[in-house]
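Dear colleague,

Here is the structure I said I would pass on. My notes on it follow below; please read them with the model open.

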Amino acid sequence: MNNIGSTNEPILVIGSSSLTFSLVICLLRAGHPVTLYTREEAVAMKKIKTHWDDLYGHPSSNISNQPDFKIITQLSVPLD
């Protein structure tokens, strides 16, 4: 198994579109830690859970409890 590029650092995903949420789900399913930056945390979580359920046909109740996933609404440093 080749571990090139593997890291324990979370991948920062920024946005609030369906594509953003799909990317978050794909990264989590692939075993990557993910931090989602969005301005509307509750809306994002609801849409991610709905999308998860649509894709995998089972409840996503555990997605918000995953240790490798978090949603933030503020960045500690500004983006350039």
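This is a predicted model: local features need pLDDT of at least 70, side-chain atom pairs count only at pLDDT 80 or more; totals for chains, interfaces and linings use all residues.

G31 comes after helix α1 and has a positive phi, near 90°.

Overall layout

The protein has two helices and three strands, and from the N terminus on its elements run β-α-β-α-β. Of the 80 residues in the protein, 28% are buried. Among contacts with a separation of 6 or more, 52% are between residues 24 or more positions apart. The protein exposes about 5,800 Å², and carbon and sulfur atoms supply 52% of that area.

The sheet

The three strands form an open sheet in the order β1-β2-β3, with parallel pairing. Strands β1 and β3 (69-72) stand at the edges with a single partner strand each, so one side of each has no neighbour in the sheet. From one strand to the next, the twist averages 20°.

β2 covers residues 34-37 and pairs with β3 in the parallel sense over four bridges. Within that pairing, Y37 stands opposite I72 in β3. Helix α2 (residues 41-56) packs on the sheet, where it touches β2 and β3; the direction of α2 makes about 145° with that of β3. The pairing of β1 with β2 is parallel too, over four bridges. There, I11 has V34 in β2 as its bridge partner.

The side chains of β2 are worth a look. V34 and L36 point one way from the strand, T35 and Y37 point the other way, and all are buried.

V13 is in strand β1, which spans residues 11-14. The relative accessible area of V13 is 6%, and the cut-off for buried is under 20%, so V13 counts as buried. Leaving aside residues up to four places away in sequence, V13 touches T20, L23, V24, L27, V34, T35, L36 and Y37. One of these, L36, is 23 residues from V13 in sequence, with a C-alpha to C-alpha distance of 4.9 Å.

T35 is in strand β2. With a relative accessible area of 8%, T35 is buried. Again leaving aside residues up to four places away in sequence, T35 touches P10, I11, L12 and V13, and also K70 and I72.

Helix α1

α1 takes in residues 18-29, twelve residues in total. From its first C-alpha to its last, α1 reaches 17 Å, close to the 16 Å expected at 1.5 Å a residue. Which residues of α1 are buried? They are T20, F21, V24, I25, L27 and L28. Seen down the axis of α1, these buried residues fall within an arc of 165°, so they line one face of the helix. S18 and L19 are exposed on the other side of α1. The cover over the buried residues of α1 includes β1, β2, α2 and β3.

Helix α2

α2 has 16 residues. Its reach from first C-alpha to last is 22 Å, close to the 22 Å expected at 1.5 Å a residue. The buried residues here are A44, M45, I48 and W52. They fall within an arc of 95° when seen down the axis of α2, so they too line one face of their helix. On the other side of α2, the exposed residues are A42, K46 and D54. What do the buried residues of α2 pack against? Their neighbours are α1, β2 and β3.

To put the pieces side by side: α2 touches β2 and β3 of the sheet, and the buried residues of α2 also pack against α1. For its part, α1 has α2 among the elements that cover its buried residues. Strand β2 pairs with β1 and with β3, and its residues V34, T35, L36 and Y37 are buried.

That is what I have on this one.

Regards

Notes
Residues are numbered from 1 along each chain as its sequence is written. Side-chain values use heavy atoms; hydrogens and water are left out. Buried means under 20% relative accessible area, exposed over 50%, partly exposed in between (1.4 Å probe, protein chains only). Contact means heavy atoms within 4.5 Å. Two strands pair if DSSP finds at least two bridges between them. Axes are lines fitted to C-alpha atoms, for helices over the stretch in contact, and angles run from 0 to 180 degrees between N-to-C directions. The expected span of a helix is 1.5 Å times one less than its number of residues. The arc is that of the directions from the helix axis to the C-beta atoms. Accessible areas come from the Shrake-Rupley method with a 1.4 Å probe; for residues, only the protein chains shown count as cover.
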